[in-house]
Structures are given as structure tokens and as C-alpha cells.
Amino acid sequence: MWRNDYQLYTISVCEQSGKRSITNLMMEEEKKKVVEGRETMPLLTPFKMGNFNLSHSSGTINKNKVLQFCGSISCCSLLFSTNNKGWLLDWRSIRYPNTPGIWTREQVEAWKPIVEAVHEKGGIFFCQLWHAGRVSNYDYQPGGQPPISSTKKALQKEGSSTKYPPPRPLTTDEIPNVVNHFKMAAKNAIEAVIGFDGVEIHGANGYLLDQFLKNKVNDRDDEYGNSLENRCRFPLEVVKAVANEIGADKVGVRLSPFADYCDCRDSNPQALAIYMAQSLSQLGILYCHVIEPRMQTMFEKCDNNVSLIPMRKAFNGTFIVAGGYDRNEGNNVVGSGGADLVAYGRLFLANPDLPKRFELDAHLNKVDKSTFYTSDPVVGYTDYPFL
């Protein structure tokens with residue numbers, strides 16, 4: 001297991017309902033609404049996401065420690081299960097050792113008690129589906145074959161000691177098979193033996209779908225490359241297939257159009273962001289989960305003037321933002337109407353009672369980065385103290 005990639009996304013929620021203006025939301029924030037004698041905040045106000053009623057927060061969990069996690073974390077109404085950014089679809093999607101999958105019957109059966117544990121806590125549980133693409137190497141591929149991608153260009157990751165071999169471009173005849181893998185993984189997640197509440201398709205962070213979206217990676221000259229519409233074709237085919245299989249009201253998508261993770265960037269990220277938001281709206285999916293433009297690298301904020309507001313306006317469903325938010329920033333973005341929900345990762349990892357700490361404006365545990373990406377079953381995962 002790889003520690004920090006089982007990110008704990010706390011999705012905090014606002015009181016927004018219907019089509020209220022940003023001005024009205026800001027006025028309401030200024031009034032500092034009081035309920036039962038206590039001041040409320042946008043991050044801790046209930047929110048209805050499609051058919052799901054959220055209290056205020058969510059997280060992601062590690063398969064091997066989920067029972068301990070569910071017993072220790074507090075006040076989560078929506079959780080995402082990821083293993084280094086998602087569950088694997090088949091052998092070719094592997095990036096790291098010890099990453100769980102969802103393509104065999106044994107894997108499906110193994111997740112059943114975990115999902116039941118989350119549901120017993122009153123949680124809503126989404127499964128994130130992920131394919132690494134070229135962010136892999138021959139050791140993890142069947143028969144030692146090259147990993148697949150939109151290109152044959154190898155990943156060049158500055159500052160990393162990991163060497164990535166040249167991938168093999170998917171042929172147009174192979175793409176429907178990969179689409180089907182996403183569809184079957186979604187079906188496995190939702191079917192009664194597991195009973196997940198929905199799935200999140202990982203189209204971000206430089207992995208396979210992102211490798212098709214970004215024109216600095218995708219150098220194809222067929223119907224899956226060159227133009228913006230063509231580059232978005234394969235990811236949208238995946239979303240459409242999954243939505244048709246399990247229902248669009250159970251599907252979310254994660255995107256990072258402005259980021260340059262894993263040597264994957266685009267020359268016009270705003271156009272990419274708006275086109276994908278509009279296309280996903282047309283498919284009627286439940287939510288869009290987007291990494292903030294300021295998170296151009298994985299762990300450090302780089303403040304800029306780029307806004308997600310145009311993308312938010314182009315998407316009709318629930319809009320979730322992620323990327324280095326603290327308590328005040330989260331309250332501000334929700335209170336101003338910039339997002340419906342805010343995702344927290346490392347803060348929730350280090351503070352299993354994060355909603356309570358936010359409510360009290362209490363001191364936060366400091367994140368111990370030295371425990372990221374370790375295989376210890378406790379240290380850095382379930383050993384952070386409560387208030």
C-alpha cells in the first residue's frame with residue numbers, strides 16, 4: 001500500500017440549494033447564520049448531492065485498514081475509496097505494488113465487508129476507478145509488455161529517481177476494450193455483492209485518461225488525437241459507457257486540466273476545462289471533482305490568477321474543488337458560490353476528527369510527510385490523535 005495516494009478527501013458542503021446568486025451567498029455568509037445557538041459555517045452545512053444527503057464531509061480509505069479507519073474517523077458522510085488514485089481495472093492498469101483491483105471475483109468478494117462497514121457508519125461510499133497508463137513500467141505489465149498510453153513518448157519526471165519506459169500507443173481497435181474494462185469495473189463496484197453507492201472516474205493526475213486529454217502528451221493523428229474534441233473522445237466514451245451501465249446519477253469524474261502531474265500538461269487548459277465541463281453536463285453525471293489551478297505540482301501551492309469559475313458555470317451538477325484548502329479558504333470558496341463541496345486530503349489524514357476541529361477552530365495535527373508512501377499498517381494512517 002502507498003500511503004498518501006490513499007488520500008482522505010473531506011468533502012465539506014454548503015447550504016446552497018437551487019440557483020442562488022453568488023451575491024446572495026456572500027450576504028448570507030456575512031450574516032453568520034446561527035442554528036441552535038451555534039454559529040454555522042458553509043463547510044459544515046448539510047448538502048444534497050443528487051439522491052445523496054450529505055452531512056458535511058467525506059474521505060478516501062485504504063482497503064487493508066478500512067475497518068480501523070471506519071472506527072477512528074469521525075463525521076464522514078461521503079467517502080471515496082482510492083488506492084493510489086483509484087482501483088485497478090485489469091493487470092495493465094497497475095502502477096505500484098500492493099494496489100488492490102476490482103476485476104476478479106476474489107477482489108469483488110473481498111470488498112464486501114469493507115463497504116458494509118462504511119454503510120454501518122452511515123457513510124455514502126464511492127469507488128474511484130483508475131488506469132495508470134504510461135505511469136508504470138514493464139514489471140507491472142502482463143508478459144513484461146510496455147504500458148499503454150495515447151503516445152509512445154516516455155514520461156520524464158523531474159526530480160524522480162523512478163525511470164519510466166516508453167509506452168505503447170493504444171490502437172483504435174483496442175480502445176473499446178479499455179472502455180469496457182471501466183464499464184465492467186463500475187458494474188462490479190455497484191452490484192449487490194459489494195453495493196458501492198457510486199463510482200468516480202479518475203481522469204486526472206497524468207494517468208491514462210489525462211494522457212489522452214492533454215496535447216503535450218497526446219500526439220495522435222487519428223480520431224483520438226490532435227483537436228480538442230478528438231482528445232476528449234476516449235475519456236468521454238468511458239464516462240458515457242459507465243453512466244449507461246450504472247446510471248449517470250451514480251457517476252463522478254475527477255479532472256486536473258490545469259496541472260502538470262506526471263509530465264502531463266495542456267497548452268490551453270481553460271478551453272479543455274470548459275469543454276469537458278460542458279460535455280460532462282450533457283451526459284448528466286452527478287459531480288465533477290476538479291484540482292485547483294494553483295496546484296500545478298502535487299504538493300505545493302503556486303498562487304496565480306486562474307479561476308475555476310468558468311468551469312463551474314459550464315457544469316450543471318455538483319462541483320467539487322480540491323487543492324491545498326485550509327479552513328478559511330474552504331469556507332470562503334463555498335460561501336461565495338465558487339464550489340458546492342471542498343475536498344481535503346492531507347489535513348484529514350492527519351486529523352481524523354477534522355470536521356470537529358473545523359467547528360471549534362481547533363489546532364490541527366501536523367502532517368508527517370515522512371510517513372507518506374509507506375507500507376506500515378498503522379504509522380501515518382491510524383495513529384494521529386483526536387482532540
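**Asn226 is an exposed residue, since its relative accessibility is 62%.** Exposed means over 50% relative accessible area, buried means under 20%, and partly exposed is in between (1.4 Å probe, protein chains only). What you're looking at is a predicted model, where local features need pLDDT of at least 70, side-chain atom pairs count only at pLDDT 80 or more, and totals for chains, interfaces and linings use all residues. Residues are numbered from 1 along each chain as its sequence is written, and side-chain values use heavy atoms, with hydrogens and water left out. Asn226 sits in the loop between α5 (208–213) and α6. Those names come from DSSP runs numbered from the N terminus: helices are H or I with at least four residues, and strands are E with at least two. Check the backbone here too: phi of Asn226 is near 80°, a positive value in a residue that isn't glycine.

**Asp263 is another non-glycine residue with a positive phi, this one near 60°.** You'll find Asp263 in the loop between β13 (251–255) and α7. Is Asp263 buried, partly exposed or exposed? Its relative accessibility is 30%, so Asp263 counts as partly exposed.

Of the 387 residues in the chain, 56% are buried. Now think about contacts, meaning heavy atoms within 4.5 Å. Take the contacts between residues at least 6 apart in sequence: 70% of them join residues at least 24 apart.

**Here helix α4 (residues 175–190) packs against helix α6 (residues 228–246).** Two packed helices are described by the angle between their axes and the distance between the axes. For α4 and α6, the angle is about 35° and the axes are 9 Å apart. The axes are lines fitted to C-alpha atoms, for helices over the stretch in contact, and angles run from 0 to 180 degrees between N-to-C directions. (Ala, Val, Leu, Ile, Met, Phe, Trp, Tyr, Cys and Pro count as nonpolar; Asp, Glu, Lys and Arg as charged; the others, Gly among them, as polar.)

**Now move in on Ile175 in helix α4.** Ile175 counts as buried because its relative accessibility is 0%. What does Ile175 touch, leaving aside neighbours within four places in sequence? Its contacts are Leu170, Phe212, Arg220, Tyr224, Phe234 and Glu237. Val238 is 63 residues away from Ile175 along the chain, yet their C-alpha atoms are separated by 9.6 Å.

**On to the pair α6 and helix α7 (residues 269–283).** These two pack at an angle of about 35°, with their axes 11 Å apart, and the crossing is right-handed. In α6, Leu228, Glu229, Cys232, Leu236, Val239 and Lys240 meet Ala271, Leu272, Tyr275, Met276, Ser279, Leu280 and Leu283 in α7. That contact has ten nonpolar residues, one polar and two charged.

**Staying with α7, check its length: 15 residues, reaching 21 Å from first C-alpha to last.** That's close to the 21 Å expected, where the expected span is 1.5 Å times one less than the number of residues. Buried residues in α7 are Leu272, Ala273, Met276, Ala277, Ser279, Leu280 and Ser281. Their cover includes α5, α6, β13, β14 (287–291) and α8 (309–314). Just after α7, Gly284 has a positive phi of about 75°.

**Helix α3 has a kink of about 30° at Lys112, shortly before the proline Pro113.** The bend is the angle between axes fitted to the seven residues ending at a residue and the seven starting there. The buried residues of α3 are Gln107, Val108, Trp111, Ile114, Val115, Ala117 and Val118. After α3 comes Gly122, with a positive phi near 85°.

**Last stop: Arg327, in helix α9 (residues 327–335).** Arg327 counts as buried because its relative accessibility is 18%. Not counting residues up to four places away in sequence, Arg327 touches Met41, Leu43, Tyr344, Phe358, Glu359 and Asp361.

Definitions and conventions:
A crossing is left-handed if the near helix is turned anticlockwise from the far one by less than a right angle, and right-handed if clockwise.
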